[in-house]
Amino acid sequence: MEYARKCIRTAYFGVKNNFVLLGLFVLGLDIIAPLLAILQVFNEKVHSAESIPDMMNQSITFISGFSALLAGIIIPLMLFGFVYSRRQSDFYNSMPIKRGQYFIGYSISGLFIFTVPYIITRIIFVLFCSVAGVQNVSLFSGMWQAILVYIIVYASMTFAIMFSGSGLSAILTLALMNVFTFVLLFGAINLGWRALDSSAYDSLAFSVSYSFMPLSSAYFLTVNDFAYLPAYLILTAAELVLAFVMYRYRKGETTLAVAFPKTRYILQYMIMFVTAFIATCKSFYYDNFQNIWSNIILSAIIIVVLFVVLNMLLEKDFRAAFHKIRYLFIFAAGYVVVVAGIYFVVNNCLPYYITPIQTDAVRVEIIRSVYSEDVIAGDARKHEEWTDENGDECRYVRDRMETFYITDPEQVRYVRDYVYKYMNRPSVTDEWQDLQNCVEEHKPYYYMHIVLLDLKDGITLDKDMSMAYRESSVMDSYYCSINYITDTQDIRYFHDVCRDFTWRNEVFNEDGSSRIVFDEFEY
Amino acid sequence: MIEIKNLSKYFSESKVQSLDDVSIDIPDRSIVGLIGTNGAGKSTLLRIAAGIYRQDSGSVLVDGETVYENNSVKANISYISDDQFYQPGMTLKRLASTYSSLRERFSVKKFYQLAERFGLKTDVRMSGFSKGMRRQSDIAAALSCGAKYLLCDETFDGLDPLTREKAKRIFIEEIMDNDATILMSSHNLREMEDICDRIVLIHKGKLVISADVDGLRGSVNKYQVLFDGDSSGVSLESLNPFRLTSSGRMMTFIADGDPSEVEKMLKVIAASESCGLSYVEAVPLTLEEVFTYKLESSGLMDDNEKEAE
């Protein structure tokens with residue numbers, strides 16, 4: 001009881017001590033946010049078919065999510081920033097209040113500083129809307145999501161503060177926490193894009209990354225996507241516990257950029273690795289190792305520059321620029337080993353193609369885009385526009401040139417692997433250059449959809465049936481990957497190889513729906 | 001009572017052994033001065049005693065209990081830093097409000113009374129205060145906490161004599177009325193000599209002396225000895241002399257111990273050397289000289305410091 005009473009007392013002190021911050025949030029949230037939301041809606045209403053109350057709810061929810069994100073970063077810095085100052089640390093630690101009581105008490109203060117103005121904001125917003133003649137605006141829509149976003153981001157920021165020794169290194173730590181998984185996974189995918197089906201791994205990588213990126217909660221929770229919520233909650237709890245432990249054992253006398261001196265090198269080399277890895281992988285992805293020396297030089301420059309800059313920042317001393325330079329060489333050697341390991345070993349050991357679904361059939365679509373001066377009115381799906389360097393508009397028509405199904409599992413696997421392993425895979429730069437050339441020279445270009453279909457139990461493609469693309473009554477899920485082809489030779493070769501396969505052709509009805517006609521098809 | 005036993009603290013950041021096996025007892029109702037040069041470890045010791053830092057080894061017991069993360073003990077300790085923290089725009093009123101939020105036994109009434117005694121205005125921003133006025137605010141706040149132990153880090157340094165006298169009177173009142181115990185640090189021995197009844201000298205993290213002021217004053221003396229004959233052959237090893245000089249019949253040296261005992265030993269030595277003793281004079285050293293002697297004789301002073309002396 002005494003412990004809890006002290007926490008509440010500390011929480012009260014935290015609010016009283018940060019009255020200015022509270023005032024700013026009242027001003028920002030209670031007055032500016034509702035006005036912004038209303039102005040945004042009135043600005044956009046002419047372009048939208050949604051009702052005004054729905055737009056109001058969406059607008060205030062979106063702004064609330066952003067406010068919660070900002071609050072989750074700023075409030076912990078204001079409350080716990082005293083750990084960075086020896087004078088403030090001495091003052092507060094000399095008081096008869098345990099560190100745990102400060103931690104819990106200030107956390108309660110932070111929640112109060114954000115939540116109370118936010119609730120008042122919603123009330124004022126509803127009142128503003130009523131005055132403006134807009135009824136049926138929800139008081140509670142999106143409220144708990146905003147509070148959850150605040151708590152999630154607050155936990156991350158508090159962890160970063162307790163880990164670091166200055167505000168700048170706290171921000172760096174928070175940024176690193178949010179990009180590390182993303183960069184590692186996507187970098188590795190970009191590095192292995194020839195050996196892996198990058199689009200398949202991309203969706204998996206997104207899911208994993210977002211689970212470890214607390215800042216992304218501001219978007220997903222605001223748009224009512226709760227797929228990552230369990231991961232966020234577990235991560236939040238872990239961060240709060242670790243932050244508490246670090247604060248408890250943090251040395252009050254530190255003046256370094258990180259609170260625990262031995263972790264300073266971890267922070268430095270993780271930042272160096274992440275940044276260099278992005279550059280290396282992206283450079284490889286776009287150049288496909290055609291300019292390997294420029295790739296190496298770029299990576300080396302980034303590593304050296306970051307080494308120097310981070311040494312100075314983290315030691316808070318310009319003269320520390322080249323301290324422990326032997327670590328730089330060790331890091332560089334390790335970096336080469338890691339990158340080479342991912343490219344030559346890891347990517348070749350991973351399954352080429354990962355999908356979360358049971359593939360029952362494959363639908364292959366070859367779509368041709370052809371330049372046409374005729375404007376196709378009405379059907380937006382078939383008409384696209386492209387503005388070239390001279391500012392001329394080019395209009396393209398898409399034809400679904402061929403669509404067919406393969407149901408034999410062996411043939412499904414063959415088609416899948418063939419397309420990605422054996423067909424011409426230029427670098428991304430070359431790919432886009434080819435596409436642009438086709439547009440400018442008015443030549444057709446093709447792209448191929450390979451759609452893996454996970455049919456519902458009992459559904460087969462053995463008989464005529466109506467099946468619209470992505471129809472949920474027929475399939476449990478699907479996975480679609482796209483490959484751009486600018487060389488028609490690839491298409492012919494693809495068909496030649498698959499000549500002996502059994503194809504099911506698809507015929508479109510006049511109303512746009514499709515049905516499968518099981519005739520043998522030869523190209 | 002504050003019991004400090006075998007206290008050690010190492011700062012890995014600056015690679016400094018700030019405290020090395022220091023043991024001190026601070027009796028109740030006393031004013032103890034902690035003396036030392038810059039970087040001696042005084043502030044570190046006070047911060048550990050206040051529960052701000054945690055020691056690497058050893059213990060600090062206040063009334064038999066450890067201090068670190070112990071609210072009931074820390075409620076009885078009031079710490080005044082050498083560089084106290086004030087929030088921007090803080091006034092004495094706000095300072096009182098801050099303390100009363102963080103310390104349950106803080107007496108706002110007593111704080112205002114002390115501020116009035118020091119002649120401080122409660123509505124004026126403390127950023128406009130002089131150094132001495134800030135120190136007075138610190139003292140007023142610390143004494144209003146209802147704490148039994150006051151730990152003051154260079155609080156009296158830089159105060160003018162009148163203010164120092166006022167503060168000393170207030171401290172003594174606190175001891176008499178509230179059984180307070182005060183541990184204060186300074187690098188100015190003359191100021192501490194007036195206020196404290198016990199002195200602790202720390203040098204480079206090690207304890208050199210811990211003794212009553214009065215006892216220290218007479219403990220080390222400078223002797224001038226005149227022998228009847230040539231003194232060059234006379235050996236005074238048994239007296240363990242320091243800075244011994246010999247010129248003809250005259251010898252001068254510094255020695256520890258009661259002057260009458262030293263004189264007796266000199267007579268014995270003179271008799272054994274068949275050299276009569278004409279004259280012995282013992283001149284008490286100042287406290288500064290005593291400390292210098294203690295440091296030099298214990299080998300804790302390096303060559304640069306000796307040269308400075």
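Chain B and chain A meet through 30 residues of chain B and 31 residues of chain A, where contact means heavy atoms within 4.5 Å. This is a predicted model, in which local features need pLDDT of at least 70, side-chain atom pairs count only at pLDDT 80 or more, and totals for chains, interfaces and linings use all residues. Residues are numbered from 1 along each chain as its sequence is written, chains are lettered from A in the order in which they are written, and side-chain values use heavy atoms, without hydrogens and water.

**Where the chains meet**

- About 2,900 Å² is buried between chain B and chain A, with 47% of that area from carbon and sulfur atoms; buried area is the accessible area (1.4 Å probe) that two parts lose on being put together, summed over both.
- In chain B, the residues that lose the most area to chain A are B:Glu69, B:Phe85 and B:Leu102, together 25% of what that side buries.
- There are 4 salt bridges between the two chains, each a side-chain nitrogen of Lys or Arg within 4 Å of a carboxyl oxygen of Asp or Glu.
- A salt bridge links the side chains of A:Arg5 and B:Glu104 (2.9 Å, N to O).

**A hairpin in chain B**

- Strands here are DSSP runs of E with at least two residues, numbered from the N terminus, and two strands pair if DSSP finds at least two bridges between them.
- Strand S12 (residues 242-247) of chain B runs antiparallel to S13(B), joined by 4 bridges.
- In this pairing, B:Phe242 stands opposite B:Ile254.
- S12(B) and S13(B) form a hairpin with 2 residues between them, and B:Gly248 in the turn has a positive phi of about 65 degrees.
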